[in-house]
Amino acid sequence: MPKRNSKRKITLPAALVLCVVAVVFYLIQDQETETAPVSSYPEGCTMEVHFIDVGQGMATLIQHEGENLLIDTGDRSAKDELMAYLEEAGVTDFTYIIGSHPHEDHVANLDDVILAYDVGTVFLTGSDYDSALWEDIQTAIETSGVVTEDPPAGYICTMEDVLLEFMAPLQEDTEYSDVNDWSYVVKVTHGEDTFLFPGDATVYSENEMLAWYTRDELNVDVLDVSHHGSYLSNSPQFLEKVSANIYTISCGEDNQYGHPQSDTLNRIAALGGEVYRTDESGTIVMESSGNSITVKN
């Protein structure tokens, strides 16, 4: 029986073959290393994200390559400001409008926007919600003939090369006792730049996402802080897993709810990152190149 550490003798021709193979492999590897393209997003394909100051509400306009996306429309008191801003931004139509959930501070002006613009698709949750505003929205939808969808978690659509992924709610909206948890949580990806829009999703919905998604799936560059900075959302575990570099908070100056609340601000401060608030800075505009994000104001 041969010893375990015995050496196998290689004949000269075999050794030469091995040497040649090794040299060729090295040259190929070296050539691949030198000529491998550097990952870079095409220049000029920018995306702008406008966190519009609508007081104690939310409304975000995303513009890219002539297409427009609106996430929420703010409270009724901000109607004139919203419509003026859309006109100033050069909006003539929308590829998509997302109504995150049926509360007035998020969708109060949705009916007016639908009737004023050509809209491709409206994503709308809460078909069983009962309010006068909701009836107005349904009437506007019927009048305009706009297409509506209520996509499940995992639904993906695009706006040119911008990817929109619906990550929540993970159950039917009627399964949640809090209407805030009906909120669509939407991840927007442009090249290597990522944004997360959680609406008013509370800790309950956040815990579902923590259990369902990996860190890589939840990690983003910019987090539009949930529920105007309420402590009932934005758990330490969720914020840590999202681990954003930039945080935006949409809220009204001296609002009656005390948003953003100190617990949330302290949790964000513990993680680091820049914080921008509409109650302090007004409308916040960011430009995404696909490789980096710049705050323009």
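Author: We begin with the elements: helices (H or I, at least four residues) and strands (E, at least two) are DSSP runs, numbered from the N terminus. This is a predicted model, in which local features need pLDDT of at least 70 and side-chain atom pairs count only at pLDDT 80 or more, while totals for chains, interfaces and linings use all residues. Residues are numbered from 1 along each chain as its sequence is written, and side-chain values use heavy atoms, with hydrogens and water left out.

Reader: How many helices and strands are in the chain?

Author: The chain holds 10 helices and 15 strands.

Reader: Which residues of helix α5 are buried?

Author: The general idea comes ahead of the case. An α-helix has 3.6 residues a turn, so residues three or four places apart point the same way. In α5 the buried residues are Leu-133, Trp-134, Ile-137, Ala-140 and Ile-141. They span an arc of only 120 degrees around the axis, which places them on the same side of α5; the arc is that of the directions from the helix axis to the C-beta atoms. The face turned away from this buried side carries the exposed residues Ala-132, Glu-135, Glu-142 and Thr-143.

Reader: What span does α5 have, and what do its buried residues pack against?

Author: The expected span of a helix is 1.5 Å times one less than its number of residues. With 13 residues (132–144), α5 reaches 19 Å from its first C-alpha to its last, close to the expected 18 Å. Its buried residues pack against α3 (104–107), α4 (110–116), β5 (118–124) and β6 (147–149). After α5 comes Gly-145, with a positive phi near 75 degrees.

Reader: Which residues are buried in helix α6?

Author: In α6 (residues 203–212) they are Ser-205, Glu-206, Glu-208, Met-209 and Leu-210. Their packing partners are β8 (162–168), β9 (185–190), α7 (215–218) and α8 (236–242).

Reader: How does one read the backbone angles?

Author: Most residues other than glycine have a negative phi, and most peptide bonds are trans. Here a cis peptide bond joins Ala-168 and Pro-169, with omega about 5 degrees; Pro-169 lies in the loop between β8 and β9. Another cis peptide bond joins His-259 and Pro-260, with omega about -5 degrees, and Pro-260 is placed in the loop between β12 (246–249) and α9 (262–271).

Reader: Which residues other than glycine have a positive phi?

Author: Glu-65 is one of them, with phi near 50 degrees. Glu-65 sits in the loop between β2 (60–64) and β3 (67–71), and is partly exposed at a relative accessible area of 46%. Asp-254 likewise has a positive phi, about 55 degrees. Asp-254 lies in the loop between β12 and α9 and counts as exposed at 73% relative accessibility.

Reader: Where is Met-286, and is Met-286 buried or exposed?

Author: Met-286 is in strand β14 (residues 284–288) and counts as buried, at 0% relative accessibility. Leaving aside neighbours within four places in sequence, the contacts of Met-286 include Glu-48, Phe-195, Val-222 and Ile-246. The C-alpha atoms of Met-286 and Val-222 are separated by 9.9 Å, although the two residues are 64 residues apart along the chain.

Reader: Where does Glu-48 lie?

Author: Glu-48 belongs to strand β1 (residues 47–51). Beyond four places in sequence, Glu-48 is in contact with Leu-61, Ile-62, Gln-63, Met-286, Glu-287 and Lys-296. Its C-alpha atom is 9.6 Å from that of Thr-294, 246 residues away along the chain.

Note on methods: Buried < 20%, exposed > 50% of the residue type's maximum accessible area, 1.4 Å probe, protein only. Contact = heavy atoms within 4.5 Å.
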